[in-house]
Amino acid sequence: MSDTTHVSEGHELSRKGLSENSIGLIGAVAIGLSCIAPAYTLTGALGPTVREVGVQLPAIFIVGFIPMLLVALGYRELNNAMPDSGTTFTWATKAFGPYIGWMGGWGLVAATVIVLSNLAGVAVDFFYLMLAQLLNNPALADLTNNKPLNVVTCLVFMTIAAWISYRGMQTTKKVQYVLVGFQLVVLAWFIIAAILHISNGTAFDHTPVSLAWFNPFAVGSFTAFAAGISLSIFIFWGWDVTLTMNEETKGSKTTPGRAATLTVIIILAVYLLVAVAAISFAGVGETGVGLGNEETQDNVFAALAGPVMGPFALLMSFAVLSSSAASLQSTFVGPARTLLAMGHYKALPTRYASISPRFRSPGFATVMAGVAAWAFYAIMRFVSDSVLSDTITALGMMVCFYYGITALACVWYFRGEAFSGARNFVLKFLAPLLGGIMLVVTFITTSVDSIDPAFGSGSEIGGIGLVFLIGVGVIGLGVALMLLQRVRHPEFFHGVTLRRGTPVLNLDE
Amino acid sequence: MRYIVGYIANERGRDAVALGSTLAANAGGDLDLTMILPEPHLPAARVPAEPGYDELLAEQAEEWLKQGLALVPEKVPAEASIRYAESFAEGLIQEAEAERAGLIVIGAGRHGLLGRYSVGSVASALLHSSPVPVALAPRGYQAHPGLSRVTCAVGTRAGADNLFETAVDAAARQRIPLRLISLVAVGTKGAAGEAAIEQAKAHARTVLEEAAARLPSEHEVTVEVAHGESIEQAVEELGWHEDELLVIGSSRLAQHNRLFLGSTANKILRSLPVPMVVVPRNYSPSGGDGTAGKNG
């Protein structure tokens, strides 16, 4: 990018100092793992997934990876065809036009806002748990159940993370590597400690490992299966980032592919080993630390780390707290930039496109993402009995929604070349089509099933399941905001700023 | 000589452009308005960060730089650059080294309630590591066609190194009056304070003689010893022209060729109404090249 542009006559403007920001295979894998933040993901997803599919947890983790893989393949093709041109919002707009594009961007932003609130919620729980463990005062851990205090603590965390992001500061690679390494070590410790308890006969509810755990067809119903898939999408969410790191990885073109493969092997191994160890140690019973206990499903490691790891449970608290805090901060970047791009193309009010002169960061968009995430969390904390697991379930739905749109956008965008050669057929057509259909089916099934007040954690308002209200509410709010913007500033919707099939970023030139 | 102006699209940035323009107009230099942007890279997050963002940011920076260039007076040659770096200070130093610039200009005024200058994190990072002199523009600085006087803080004892030479040379080259000042904080101790003032006066006389010897006979050079309960008071006791410049040396603690603002300089900064140039220890104006090569 050593191009030189002319600002005005006699003034020459060059861009300097762009380093070849390359990372090797190990670095790319570390970043991939860092995106997924396995310690955080597991503590949030284990409980709700067991609630849906019981001991078939390992099976659903494996099956859940399939749609993610199929979609990611299409995702990579879009990224190669339109580098530097955005993500779901721009891609879907170019494939399907402004309305679906807008909703795709909204889905991405909504999913990120929800995960921000969940990350902050997990961080709050582990913050008080760690205080209790450090000061040897178990009463401190219960402070997280004090709703006003919890919401205020969350506000503090959220504000710090948004502020760091607003100032344009990023977690350095070295810190990321250390955090990832630490998470893996602690999770390995957890697995080994659980196995030792099992072999010593001191496990809470030893449940012998069985092959049936790996059989997805043993899941009771399609409702449970779809809900499980939706949650599995959440646990692999972020993996696709490794596939699209083409520009940053050094060496050959095969590095991103290898990094993505290695990342998924490690992550699957960690998930499966932890899942098997946890079920085998604690069973899926509904009492005590059993994984079926609704009281502890929200945040499994908070309940399980103590019995499994003894005094070293403190390490687990620290691993989850550090990974969710780091994730909280880095996750702000995504929605802020998507909102900024949407503002730039006039799909949102133009103040979303404003860049802070002082910090050269998407100022307004970052603040709004933080406000939305905190408000969402605060409302959920008061209306839900089981806030973390309900948000994770709703999150899975949102991810299915926007990934589904992205995958189908890939199929539609490449429809002209889909049948020219086997490679194109598989990567640009078949894989994203199958992946997209799976996700859309999962999304619709979960949406319909979640109307039932007994769905998920059983939180409900007026006899309608809370997860349904969140999912439909968020999408409905998106439609309303889209129509409002359509009335006020119709340029984007008339294809003035960004239209189908045209190169992006050609605005006002 | 080339002046790097660390440009930000706010009041601080405009103060910096005004000071850079004044200095360049005075010495016949040219400006390089430099905007530092964060290096584009993907953050490790679940959600892919809009890659188009980096292009939008660069476009915005170009727009800002156009506005910045419009602030530069016609007769001062100026160009604009975008540089990617981890931090503002680091980027400006890289730009100065790449361009073999003789000075970095930034706006250091606090736009708030307290004082005219506050060494913010950016200025402070720059003052700790710049190999070339750094000029700090006070809040709301307006461009002038030139400088009416250069004031050099010579300290109260020997050892101001080549700062003094730098100031004398600059005054001689640009034919502007030179004022040498010595600031003394007497505190509350009467007798000790008197002794300090006497010592400062003696030292001031010595440097005045040295300066007079180096300058052409008709060149105006004066010396003043200002004292007050604190350094801040001493600064306020002195009269200042709107279009003058204070040149001050970096701390004795500074590494060779690197800036570091000493405690006295920091105090001066707090009550100073005019721009200030901080010169690194052992910096020689002709040897800007030498320092550039080392880190190149």
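**View 1. A:S232 lies in helix α8 of chain A, which spans residues 222–236.** The model shown here and in the other views is predicted. A:S232 has a relative accessible area of 0% and is therefore buried, the cut-off for buried being under 20%. Leaving aside residues up to four places away in sequence, A:S232 touches A:I60, A:F61 and A:G64. A:T244 is 12 residues from A:S232 along the chain, and the C-alpha atoms of the two are separated by 21 Å.

**View 2. Chain A meets chain B through 58 residues of chain A and 46 residues of chain B.** About 4500 Å² is buried between the two chains, and carbon and sulfur atoms give 58% of this area. On the side of chain A, the residues that lose the most area to chain B are A:K16, A:R337 and A:R360, together 18% of what that side buries.

View 3. Two salt bridges are found between chain A and chain B. Six residue pairs are in polar contact between these chains, counting pairs with both residues at pLDDT 80 or more.

**View 4. Several elements of chain A give two or more residues to the side that touches chain B, among them β1 (4–8), β2 (11–16) and α5 (98–135).** The largest share, seven residues, comes from α13(A). By type, this side of chain A divides into 24 nonpolar, 24 polar and 10 charged residues.

Terms used
Residues numbered from 1 in each chain as written. Chains lettered and ligands numbered in written order. Predicted model: local features only at pLDDT ≥ 70, side-chain atom pairs only at ≥ 80, totals over all residues. Heavy atoms only, no water. Helix = DSSP H or I, 4+ residues; strand = E, 2+ residues; numbered from the N terminus. Buried < 20%, exposed > 50% of the residue type's maximum accessible area, 1.4 Å probe, protein only. Contact = heavy atoms within 4.5 Å. Buried area = accessible area lost by both parts, 1.4 Å probe. Salt bridge = Lys/Arg side-chain N within 4 Å of Asp/Glu carboxyl O. Polar contact = N/O pair within 3.5 Å; in protein donor to acceptor, adjacent residues only side chain to side chain. Nonpolar A, V, L, I, M, F, W, Y, C, P; charged D, E, K, R; others polar.
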